[in-house]
Amino acid sequence: MGMGSESEKRRKIHIFTVCLIGIVLNMIGSEIVILLKLPIYLDTVGTLIVSVMSGYLPGIIVGLTTNILKTIQDTTSIYYAFINVLVAVIASHFAMRGKVKKPLGAILMTVIIALVGGLHEGLLTWVRGEYTSDMSVVKTIFGFIVNDFIDKAVSVVILELILIFLPMKLQEMLKIEGWQQTPLSSEEIKAAKRANNRIVSLRTKILGLLITACVTIGIVAMVISVILYKQYTIDQHKILAEGVASLVAERIDGNKVEEYLEKGEAASDYKEIESLLYQIRNSSHDINYVYVYKIMEDGCHVVFDLDTDELQGEEPGTIVPFDASFTEIIPDLLAGKSIDPIITDDTYGWLITAYKPVYDRNGVCQCYAAVDISMDVIKNNEVAFLVKLLSLFLGFFILVIAMGLWVSEYNIVLPVNTMAISASAFAYDSEESLEDNVAQIKRLNIHTGDEIENMYQAFSKTTENSVNYMNDLQNKTEMISYMQDALIMVLADMVESRDENTGDHVRKTAAYTRIIMDKLREMDIYTDQLTDQFIFDVERSAPLHDIGKISISDTILNKPGKLTDEEFEIMKTHTIAGAAVIDQTIEKLPESGYLLEAKNIALYHHEKWNGRGYPEGLSGEDIPLSARIMAVADVFDALVSERCYKKAFSFDEAMDIIKKDAGSHFDPNVAEAFLQSRERVSEVMERITTEIPNKKK
């Protein structure tokens, strides 16, 4: 636990250091440009370097943090938060595919970043309403793209120089990975990410959940923020309008209102007051109109009405009709009451209007000082605020998605998939393979410190226990198999001991069958039948070929002379009796597949290729292959063995007989395989005869 915490602490310090280096490089590049008054930015150099060398997540952090810090000096920098995050994503994408160090790849990356940046700049200019009637949108955007291309080309050249001259050891130090297990090779990572899923991958589910959550929260937050900002801005502009209206009201002498109405500019101090009103209006660019009206039954009598760039003010004494939107407050205006600011959309546009009464020395309201602030200003501010908010949201949105993918990839997806791949790659063919399975699981060393690690530990322990169990089971199975083979040989020996003529017959014939089957495989004959399992079953069950002789009496079995016809007929029944014995065994051991071949061998090893054998007179390939193989092995060993009723043939004489009877008694292919293996046959015959002395002695 302590080691894991220390490792995590070092990783965090590493990430912080790399990100800090990237941010400093961005800020230095930006300051150099400002000092030299260059027409570029150079505020993404650090972002590019970190994205390429350290990965997408640190690059995104550097790009976003840089713009947030630059906003302290220049609030417009916030508009570019999103584009700098995109620069990190694009650069890391090219780096992961190994294209950054290739000239064409670097150029393509620069072009894509410039296109994205230029279009983003053009969109911002349009949203902020900075296009003039004589500006061509296409030309302006093209100019932005060209300028951005120059900027990014310089940044990419700096990046390429660093990649060329910075030692690989230092480049490796800048690399950031979030492994919570033994690091995988690039091929293993690809395999882990390609892991088959029934419907949707866990990575896709996490990504979908993150996007849905971020978009939902982001939209709700932005809507609430815009509504609150709009209301706040309206309230602030109402306060501004009331404050300015109060200043105007303070400058008007209520006792001279009638004089101003009658004489206008000829009235004493009219021009001086009008000049003061202009100064008040010009104190804030948000103020549209400043005027002073005397409210009467027939309308608004103009006392002062300041000119604007778009509209000339009315002359003093002019009567301006009431706008429809003022209908509800006319009684209060006529009564000289104070009026709260109102929002109207009439003759002069969409406005916030604040009225302040001007009193004479007797406290009678003589007129109202009025200030109009256009709601378009508020709307523009609202749009600018929304753009800033959207830029920040998109920047943090990508950051959150990147962090989610980073964490899910290193803490969930890769650990789970590598466990799955390791499990699916288990081999059970040997004890060494089983031990390799356990070692492979332990090598993963997953240490996420959460439920995934718990699952890994349980999986590792279960695998180890299973392998130990399987090793024990395999050892017991091998022991059982050994015992079965021993029992077979004991059983065969029991039959053999009754037949004083057979000696080491069962061992030799079993060895001969293996020699024949190996040679047939080498000759590429009967390969569809000669599977590993078939060869194993035949060799294992060959000693049981004469098991039926247990039912033959000793007088017939050990008769020193030739058998009578009647006795021979009885002797032939040993094939059927042997099959019956094995049938009874199969009923008791249905899973012992080798007994099926044992039955074929016991029942049909005296059948002949020409159909003149017994017990059923089968011919050709109707005779099971195992029995055809046994026939050659059985006859050859009988020929070279001495019997009480005959002398032993020599090795060569026996081979000649096998050759002569090929195609009549024996399957010609099986006979040929045996004849071509004469050296192995001779070696086996001598070895077994030496190891196991003839029982007659």
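Two strands are taken to pair if DSSP finds at least two bridges between them, and helices (H or I, at least four residues) and strands (E, at least two) are DSSP runs, numbered from the N terminus. The structure is a predicted model, in which local features need pLDDT of at least 70 and side-chain atom pairs count only at pLDDT 80 or more, whereas totals for chains, interfaces and linings use all residues. Residues are numbered from 1 along each chain as its sequence is written, and side-chain values use heavy atoms, with hydrogens and water left out.

Strands of a sheet pair through backbone hydrogen bonds, either parallel or antiparallel. In this model an open sheet of six strands has the order 3-2-1-6-5-4, and its pairing is antiparallel. Strand 3 (319–320) and strand 4 stand at the edges with a single partner strand each, so one side of each is left without a neighbour in the sheet. Strand 1 (residues 287–296) is paired with strand 2 (residues 299–305) in the antiparallel sense over six bridges, and Tyr-291 has Asp-305 in strand 2 as its bridge partner. Helix 9 (residues 202–251) touches strand 1, strand 4, strand 5 and strand 6, and its direction makes about 35 degrees with that of strand 5. Helix 11 (residues 270–282) touches strand 1 and strand 2, its direction making about 90 degrees with that of strand 2.

Strand 4 (residues 342–346) and strand 5 (residues 349–359) are antiparallel and share five bridges; a hairpin joins them through two residues, and Thr-344 is the bridge partner of Leu-351 in strand 5. Strand 5 is also joined by nine bridges to strand 6 (residues 365–374), again in the antiparallel sense, with Pro-357 opposite Tyr-368 in strand 6. The hairpin formed by strand 5 and strand 6 has five residues between the strands, and in its turn Gly-363 has a positive phi of about 80 degrees.

A pair of aromatic rings is described by the distance of the centres and the angle of the planes. Rings of Phe, Tyr and Trp (its six-membered ring) are counted as a pair if their centres lie within 6.5 Å, with planes under 30 degrees apart classed as stacked, over 60 as edge-to-face and the rest as tilted. By this rule the count comes to 16 aromatic pairs. Tyr-56 and Trp-406 form an edge-to-face pair, at 6.2 Å centre to centre and with 75 degrees between the planes. This pair links distant parts of the chain, with Tyr-56 in helix 3 (residues 56–70) and Trp-406 in helix 13 (residues 375–424), 350 residues apart. Trp-179 and Tyr-410 have ring centres 5.1 Å apart and planes at 80 degrees, so this pair is edge-to-face. Trp-179 lies in the loop between helix 7 (168–174) and helix 8 (186–193) and Tyr-410 in helix 13, so the pair ties together parts that are 231 residues apart in sequence. Ring pairs link Tyr-56, Trp-179, Trp-406 and Tyr-410 into a cluster.

Burial was assigned from relative accessible area (buried under 20%, exposed over 50%, partly exposed in between, with a 1.4 Å probe and protein chains only). Both Tyr-56 and Trp-406 are buried, as are Trp-179, at 8% relative accessibility, and Tyr-410, at 10%. Leu-444, which lies in helix 14, is likewise buried, with a relative accessible area of 8%. Leaving aside neighbours within four places in sequence, Leu-444 is in contact with Gln-181, Thr-182, Thr-418, Met-419, Ser-422 and Tyr-456.

The peptide bond from Tyr-614 to Pro-615 is cis, with omega near 15 degrees, and Pro-615 lies in the loop between helix 21 (594–604) and helix 22 (625–640).

How values were computed: Contact = heavy atoms within 4.5 Å. Axes fitted to C-alpha atoms, helices over the stretch in contact; angles between N-to-C directions.
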